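Please have the model open as you read.

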Amino acid sequence: MKDTQYTDDFTSDYFKEVLTIFFDALPDPIFVINRNGLILRVLGGSSHEVNCFPNVRESQYLHETLPLEVADKCLHTINKAIEDESLICIDYEVEKKYLSPEFCSNQFYQGRIFPLKQYKSDLRAVLWIAINTTEKVLFTKKLNELAINDELTGINNRRYFNEVMKRTFDMFQRDKVSFCILMLDIDFFKKVNDRYGHDGGDALLKSLACTLKESLRDIDILARYGGEEFIALLPNTEKSDAFIVAQRVRLAVEKSIVQHGTQKIKVTMSVGGGEISPGDKDYESVIKRADVALYEAKNSGRNKVVIA
């Protein structure tokens with residue numbers, strides 16, 4: 001079977017003119033590609049502006065124009081559509097480095113691949129409609145970030161933390177692997193707001209969120225629990241190790257200096273901790289113990305660690 005006969009049919013003057021007029025009315029580019037990966041036609045009004053296949057040219061093969069991994073994935077999809085005799089939809093991303101200079105970020109596309117009927121003895125081919133979904137993908141990512149991240153500090157928010165806690169508690173019930181919770185509260189935070197204003201308070205919260213994250217372990221999960229209060233999940237951790245982690249965090253905060261304009265802000269932090277117990281009915285029980293321990297750390301002089 002030859003790849004060239006399809007090319008000849010698609011380049012006949014009349015057929016080419018009809019297809020061009022028809023497809024130029026569509027906003028999305030359409031590619032005619034045979035099962036060997038030969039690009040027979042590039043159609044559509046925006047086909048020269050949308051880099052869904054960077055640098056593709058008619059009469060070239062996908063493996064000549066695309067990174068090997070991407071070309072292999074495309075060819076597999078084309079052949080699956082042909083073998084299944086059905087429409088296939090795939091989502092794919094094109095990295096910025098493969099795009100023309102006017103693109104300042106990676107682009108996302110949905111490919112809709114439909115097999116064409118076989119003509120005589122020619123190789124089967126497909127129509128590949130490429131729809132740019134970058135705006136939708138980025139918007140969805142932003143919504144997901146807002147759903148799990150605290151807007152001010154950028155770390156996890158309380159809602160996401162509670163979801164993680166539910167899964168962690170379920171794992172404890174199944175595997176009996178211990179975990180601890182740390183409640184962390186900035187000492188005399190109201191005085192910071194009174195002296196430096198809410199801008200100063202916000203700057204402190206953002207800076208301390210970074211300090212806490214750097215002081216915790218890679219396996220630990222940190223979240224802003226509300227106001228000046230943070231919470232951390234320490235997986236696979238018992239009381240003795242939780243105390244060591246909490247002390248490291250407390251000392252890191254004590255040594256930190258937050259620059260706010262020409263002013264320097266220094267604060268301390270009290271930490272309360274709690275360990276999961278076999279008798280606990282839910283994860284809230286651990287958080288309550290950690291909260292009671294935090295209250296004790298506050299009442300006994302602040303800038304302390306108490307593990308219940």
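This is a predicted model: local features need pLDDT of at least 70, side-chain atom pairs count only at pLDDT 80 or more; totals for chains, interfaces and linings use all residues.

Residues are numbered from 1 along each chain as its sequence is written, and side-chain values use heavy atoms, leaving out hydrogens and water.

**The sheet**
- Five strands make an open, mixed sheet in the order β7-β8-β6-β11-β12; strands (E, at least two residues) and helices (H or I, at least four) are DSSP runs numbered from the N terminus.
- At the edges lie β7 (221-226) and β12 (305-307), each pairing on one side only; pairing takes at least two DSSP bridges between two strands.
- β7 and β8 (residues 229-235) are antiparallel over five bridges, and Ala 223 stands opposite Ile 231 in β8.

**The helix pair**
- Helix α7 (residues 189-215) packs with helix α8 (residues 239-255) at about 145 degrees, with axes 9 Å apart; axes are lines fitted to C-alpha atoms, for helices over the stretch in contact, and angles run from 0 to 180 degrees between N-to-C directions.
- Leu 208, Thr 211, Leu 212 and Ser 215 of α7 meet Arg 248, Val 249, Ala 252 and Val 253 of α8, where contact means heavy atoms within 4.5 Å.

- α7 touches β6 (179-186), β7, β8 and β11 (269-275), and its direction makes about 150 degrees with that of β6.
- α8 touches β6, β8, β11 and β12, and its direction makes about 160 degrees with that of β12.
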